[in-house]
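Good morning. I have one structure to go through today. Please have the sequence and the coordinates open while I talk.

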Amino acid sequence: MSNSLSLSVSFNSPLSIGAIPDPWRFSAVTPVFKKGDASDPNNYRPISLTAVCCRVLESLIEDKIIQHLDHFSLLSPSQHGFLRRHSTQTNLLETLNDWTVALNNGESVAVAYVDFSKAFDSVTHSKLLLKLTSFGLGGTLLQWISDFLARRCQKTIVGGAESGYSPMPSGVPQGSVLGPLLFVLYINDLPGVFDDSIRVKMYADDVKLYTVLSSFHDFAALQTALSTLSSWALTWQLPISFRKCSTLCLGHLSPNCPFSMGGVDLPLLDSVSDLGVTVDNQLRFEVHIRDLARKGHATANLIRRSFMTRDPFILTSAFTTYVRPILESASSVWSPTYLGLIALLESVQRRFTKRLFGLWELPYGDRLILLGLDTLERRRLILDLQFCYKMVHGLLPLEPDLFFSPGYGLTRGHRYKLGVSLSRSNSRKHFFASRIVPVWNFLPDSVVSSVSLSSFKRSLAQFDFTSFLHTDLH
């Protein structure tokens, strides 16, 4: 019997009876460090290593469920986690677009960040199945999912030591294929419990609520939403870590008293880590950029100390592999326009290349040509253009009309020309939707009309963007 036929039989038999083989119920958990004190077990994410055959079947089931959800438009547009075409970057850009528009209109924004405690492990199976039924899932598929969740056991492996197996009476397994989707469906109805003045953005269990403020009276709306969220979490048995929740205020208005949840006052912070990006109350991202530069220098120095070779090309390869991703993650969200911050980020690559054997006397531009590198500023610009291409051509869940003004009246240029509204605030002036428009409109029609993202990327290599860049190559 061929391998494909064996898999077909092993998949169809469990599906036909709505059950899984018992060996598929066992998983090994590897703790993955998140942040904070490394000695605190609560700062580790439990990732389950499950049976490979089960994961293959899960992926097939996941595809069918997502097709069903997409066909009937059942997923909340507020959710950006574990869904195709969605990412932390789409979440943050959608959020920042709302915030910068409000600030540009002279309004303020109040934001609350909510931290669920062990959300994936707290999902109640009976309530999850009830919610799955509301999505139109039933029959043997629902029975299979019910059996997939039931009687699961896990053990923890750390180094060479491992624990015994323990039962999992609740939760969806992190590290499985279906687990993240099941959690997304469990929390899908959350945005619908608030009134229209409250906006919600989610990335799996990372939730933020915000509202636009025209007067001090509008603060009450966010406090009411926080109370509503507490009640919803109690009903669906998702505990909130109230002491890890926080708030942020943008603009000229600040609350007279702190927001609270569960009897705990939420701190009003000057900056908050939002999906890996430090967002400050001025939306300058200076704290985030300085932290990236510090991490970049530290990692670059570690590369020089760890490699015995002094071959510039080998060390440069290590730099592009380990350092550059740190400096470019979600760059469309925070890419700087202030000259000092641009130079600060560029200094990571400038210093690293200057210390390479035989290159310390060459100007920065010559070093880059020799090593086949672009400036970090140019790379961020290219990433912005790629993101703009995906938005304009419908490859992302973001609506271009919400970000850009139509290019009506612009008689010269290509068919996808974009307009930009008057920016009255620095936050809007430096935001992605404003800073990318002149560069995008500069491109010819043959490039912006590329049939694929890969061909668009190749076309960008031929253009000189010097007039849009500020990095000194000497």
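R151 sits in the loop that runs between helix 6 and strand 4 (152-158); helices (H or I, at least four residues) and strands (E, at least two) are DSSP runs, numbered from the N terminus. This is a predicted model, and local features need pLDDT of at least 70, side-chain atom pairs count only at pLDDT 80 or more, while totals for chains, interfaces and linings use all residues. Residues are numbered from 1 along each chain as its sequence is written, and side-chain values use heavy atoms, with hydrogens and water left out.

Back to R151. Its phi is positive, about 55°, although R151 is not a glycine. R151 counts as exposed because its relative accessibility is 53%; the classes are buried for under 20% relative accessible area, exposed for over 50%, and partly exposed in between, with a 1.4 Å probe and protein chains only.

A positive phi near 55° is also found at L283, again a residue other than glycine. L283 belongs to the loop between strand 13 (277-280) and helix 9 (286-306). Is L283 buried or exposed? With a relative accessible area of 8%, L283 is buried.

Now the salt bridges. A salt bridge here is a side-chain nitrogen of Lys or Arg within 4 Å of a carboxyl oxygen of Asp or Glu. The whole structure has 17 of them. R151 takes part in a network of salt bridges that also links D22, R25 and D147.

D147 is buried at 11% relative accessible area, and R25 is buried at 4%.

Next, E162 and K155, whose side chains form a salt bridge at 2.9 Å, N to O. E162 is exposed, with 51% relative accessible area, whereas K155 is buried at 14%.

One more pair: D274 and K208 form a salt bridge in which the closest N and O atoms are 3.2 Å apart. D274 is in strand 12 and K208 in strand 8, so this contact ties together parts 66 residues apart in sequence. Both D274 and K208 are buried.

On to the pockets. The search runs on a 1 Å grid over the protein atoms alone; a pocket is an open set of points where a 1.4 Å probe fits, with protein on both sides within 12 Å along at least five of seven lines, and lining residues have an atom within 4 Å of a point. Grid points are joined across faces, edges and corners, and a volume is the space filled by probe spheres set on the points.

The largest pocket holds about 1500 Å³. It is lined by 42 residues, and those closest to its centre are K34, K35, R45, D115 and D206. Which element gives the largest share of this lining? Strand 2 does, with four residues. Elements that each supply at least two residues include helix 3 (88-104), strand 3 (108-115) and strand 8 (206-213). By class, the lining of the largest pocket has 17 nonpolar, eleven polar and 14 charged residues. Ala, Val, Leu, Ile, Met, Phe, Trp, Tyr, Cys and Pro count as nonpolar, Asp, Glu, Lys and Arg as charged, and the others, Gly among them, as polar.

K35, one of the residues closest to the centre of the largest pocket, lies in the loop between strand 1 (26-33) and strand 2. K35 is exposed, at 60% relative accessible area. Its C-alpha atom is 9.9 Å from that of R45, ten residues away along the chain.

The second largest pocket has a volume of about 600 Å³. Its lining counts 27 residues, with S76, P77, Q79, H86 and P397 the closest to the centre. Helix 2, helix 3, strand 7 and helix 16 (400-403) each give two or more residues to this lining. The lining of the second largest pocket is made up of twelve nonpolar, seven polar and eight charged residues.

That is what I have. Questions, please.
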